[in-house]
Amino acid sequence: KGKSLKEQAAEIKKLAEDAGLQTNFFFVTTFDRYLEQLAILDRLQGVIDKGDTLVEQVYVKGRSNTVINPAIRAYNSTTDSANKTATTLIRIINGFKDDEGESVDPLLSIINGGK
C-alpha cells in the first residue's frame, strides 16, 4: 500500500530540514499552503463522492435549473492552485543554495532563516 499524504508530507519536511530549508520563510509558508490545499481537495473529493455530478439550483423566484455540482468547480480551481503552489515549491527547492564560504546576499540570508 502507498504512503498517505501525511506520511509523504512528513518525509518532505524531513528532507527539507536535512537540506536546511526548514528556516526558509518562502518554503515554510508555501509548503503549509500546499498542505492546506491538499486538505481542501480531500474534503471536496468527499463531497463530490457523496453527491451527484449535476444538482438542482433554485433561484429566488422559485425556478430551478440543473447545474454542475459547485464542489466540482471548487475542486478544479483548488487543483489548479495546488499545482501552481507545487511548482513554486520546486522552484524554491531548486533555487536554494547553501553558499558556505562565499559571500551571501543579505536578503537571501534573511529569507533562508539567517541573521
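**A buried leucine**

In this predicted model, Leu-41 has a relative accessible area of 10%, and because buried means under 20%, this residue counts as buried. Leu-41 belongs to helix α2, which covers residues 25-50.

When its neighbours within four places in sequence are left aside, Leu-41 is in contact with Tyr-75, Thr-78, Thr-79 and Ala-82. The C-alpha atoms of Leu-41 and Ser-77 are separated by 9.7 Å, although these two residues lie 36 residues apart along the chain.

Helix α2 is made of 26 residues, and the distance from its first C-alpha to its last is 38 Å, close to the 38 Å expected at 1.5 Å a residue. At the start of α2, a side-chain oxygen of Asn-24 comes to within 3.0 Å of the backbone nitrogen of Phe-26.

Which residues of α2 are buried? Besides Leu-41, they are Phe-27, Thr-30, Phe-31, Gln-37, Leu-38 and Leu-44. An α-helix has 3.6 residues a turn, so residues three or four places apart point the same way.

**The largest nonpolar core**

In soluble globular proteins, nonpolar side chains tend to be buried together. Here the largest nonpolar core consists of seven residues, namely Ala-9, Ala-16, Leu-21, Phe-27, Phe-31, Leu-89 and Ile-92. At least two residues of this core come from each of the helices α1 (5-18), α2 and α3 (70-95). Phe-27 and Phe-31 of this core are also among the buried residues of α2.

Notes:
Residues numbered from 1 in each chain as written. Predicted model: local features only at pLDDT ≥ 70, side-chain atom pairs only at ≥ 80, totals over all residues. Heavy atoms only, no water. Helix = DSSP H or I, 4+ residues; strand = E, 2+ residues; numbered from the N terminus. Buried < 20%, exposed > 50% of the residue type's maximum accessible area, 1.4 Å probe, protein only. Contact = heavy atoms within 4.5 Å. Core = buried A, V, L, I, M, F, W, Y, C linked by side-chain atoms within 4.5 Å. Expected span 1.5 Å × (residues − 1). Polar contact = N/O pair within 3.5 Å; in protein donor to acceptor, adjacent residues only side chain to side chain.
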